[in-house]
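User: I should like to learn how to read this model, starting with its confidence and then moving to the core and the ligand site. Please give the general idea first in each case.

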Amino acid sequence: MQTNSSSAELTIGERVAMLRGMFNPGLFKSAVRPMLYRKSNDDPELVHELTMKLMAQNESSLKMVSIFFGHRRGLRININGKDVIPFGTAAGLDKNGDAMKSLSNFFGFLEPGTVVVNPREGNKRPRVAFDPDGLDVYNAQGFPSKGLEYFKERIIAYRRSNCKAPVYVSICGLPISEQNAVDVAMDELTTLLKSLNQYVDGFVWNCFSPNTSALKMLRTPEIFEQSASLMKQHAPDKLRLVKLGPYEEAEKDASMSLIRKFMDGGGHGVVTTNTKMVPKEQVPAQDWGYPSAGRSGKFLKPYRLRSVSEIRAAFPDSVIVATGGIYDGDDAYETFKAGADMLEGYTPYGFYGIGLLRNIEKGVVARLKQDGYRNLTELREKRRMA
Ligand SMILES: Cc1cc2nc3c(=O)[nH]c(=O)nc-3n(C[C@H](O)[C@H](O)[C@H](O)COP(=O)(O)O)c2cc1C
């Protein structure tokens with residue numbers, strides 16, 4: 001496995017500065033982030049690893065700080081029979097479930113992963129680039145994962161703790177074997193479902209990573225239906241979602257057909273949207289070693305808003321989790337109004353730290369009040385009746 005984080009240890013003073021900055025978005029962006037970059041030879045992936053490592057190591061201090069995240073009255077909703085605060089981590093942020101306990105002190109739900117069966121290194125580094133002006137991230141990670149057995153240990157430890165945030169794990173069977181690739185991918189999906197079902201609250205099937213071209217084989221109506229029915233068979237009482245890539249207007253019908261099949265097979269809904277594949281020329285990094293990259297962050301906002309409202313119109317009873325550059329309370333609120341049930345993020349927290357979550361939640365509470373709603377449940381009910 002590639003791990004470089006040991007080369008960038010922090011002094012005690014730097015750790016304290018970092019922990020303080022995590023809860024102050026302005027301080028994080030202006031001072032803490034640059035400090036972490038200096039320590040990590042300007043490697044954004046290493047910065048992320050360092051941050052996650054520090055979070056995992058400081059769980060009890062973070063738990064104390066989490067009492068300041070108390071702006072949640074009116075934000076709880078019911079999803080698949082469970083009370084959830086609908087602000088979560090997006091897949092990729094905690095790929096292997098190393099920081100679930102710490103993150104659950106702040107986020108209302110977690111989407112660790114994407115977890116695959118066999119450990120993989122993914123592509124060679126550097127494979128992540130940040131654009132601080134555009135507030136976007138580009139990645140060509142290629143599904144690095146410590147694998148199923150490693151994640152299983154992490155989720156068992158999480159369940160033994162008192163942490164309550166629901167976990168909807170992102171999973172994928174990979175169609176990369178030389179023969180019967182799709183059958184092997186479906187067998188791996190089954191293994192993941194069977195091994196993890198008793199520990200999680202739901203699954204997100206991610207067949208839309210833009211950096212693994214073999215996944216295209218899975219993006220057919222038949223496989224969408226088959227995957228959903230496997231999920232229903234092995235996780236009958238859990239939330240069952242599929243992750244979607246951003247689609248252009250001309251691709252809308254094809255995307256809706258895939259979702260229809262997923263729902264027919266027994267799925268509950270979608271996570272929209274994954275990163276958008278862009279050519280190498282658009283990546284703001286010198287000597288980018290890959291022909292393309294998945295772009296996340298602010299750039300995804302129009303894709304996110306359009307897909308949420310179109311999917312809500314086509315599938316009124318589906319569960320919709322929205323992601324893609326949600327940076328403030330107004331944007332979050334508009335996404336709920338467009339039809340989302342839950343929101344999640346990765347890139348915005350990389351630029352501003354976890355303190356951003358508090359701003360987003362406060363912003364949503366203020367907008368609910370302004371529009372005369374007592375809580376988010378009321379907004380969802382009004383939306384349903386409209
Ligand atoms: C570095 C990086 C790694 C990611 N890894 C995954 C992944 O393993 N599985 C997945 O479903 N999405 C992955 N994503 C996509 C995010 O979950 C999310 O859908 C996307 O980045 C848009 O949200 P954001 O703008 O809040 O980051 C990754 C994103 C980034 C930036």
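User: Over which residues does pLDDT stay under 50, and how should such a stretch be read?

Analyst: Where pLDDT is low, the predicted coordinates should not be read in detail. In this predicted model, pLDDT stays under 50 over residues 1-7. The model has 17 contacts beyond four places in sequence for that stretch. For the chain, the mean pLDDT is 93, with 97% of residues at 70 or more.

User: Which residues touch the most other members of the largest nonpolar core?

Analyst: Nonpolar side chains in soluble globular proteins tend to be buried together. Here the largest nonpolar core holds 108 residues, and Trp205 and Met342 touch the most other members. Helix α7, spanning residues 181-196, contributes the most to this core, namely 6 residues. There is also a second, separate core of 8 residues, among them Ala129, Val278, Tyr290 and Ala293.

User: How many residues surround the ligand, and which are the closest?

Analyst: The ligand is surrounded by 25 residues, the closest being Ala91, Thr114, Ser296, Gly325 and Thr347.

User: What lies 2.7 Å from a nitrogen atom of the ligand?

Analyst: That is a polar side-chain atom of Thr114. Taken alone, the ligand exposes 600 Å², of which the protein buries 97%.

Notes
Residues are numbered from 1 along each chain as its sequence is written. This is a predicted model: local features need pLDDT of at least 70, side-chain atom pairs count only at pLDDT 80 or more; totals for chains, interfaces and linings use all residues. Side-chain values use heavy atoms; hydrogens and water are left out. A nonpolar core is a set of buried Ala, Val, Leu, Ile, Met, Phe, Trp, Tyr and Cys residues joined through side-chain atoms within 4.5 Å. Buried means under 20% relative accessible area, exposed over 50%, partly exposed in between (1.4 Å probe, protein chains only). Helices (H or I, at least four residues) and strands (E, at least two) are DSSP runs, numbered from the N terminus. pLDDT is the predictor's confidence in each residue, from 0 to 100. Contact means heavy atoms within 4.5 Å. A residue is near a molecule or strand if one of its heavy atoms lies within 4 Å of it. A polar contact is a pair of N or O atoms within 3.5 Å; within protein, one must be able to donate a hydrogen and the other to accept it, and residues adjacent in sequence count only if both atoms are side-chain atoms. Accessible areas come from the Shrake-Rupley method with a 1.4 Å probe; for residues, only the protein chains shown count as cover.
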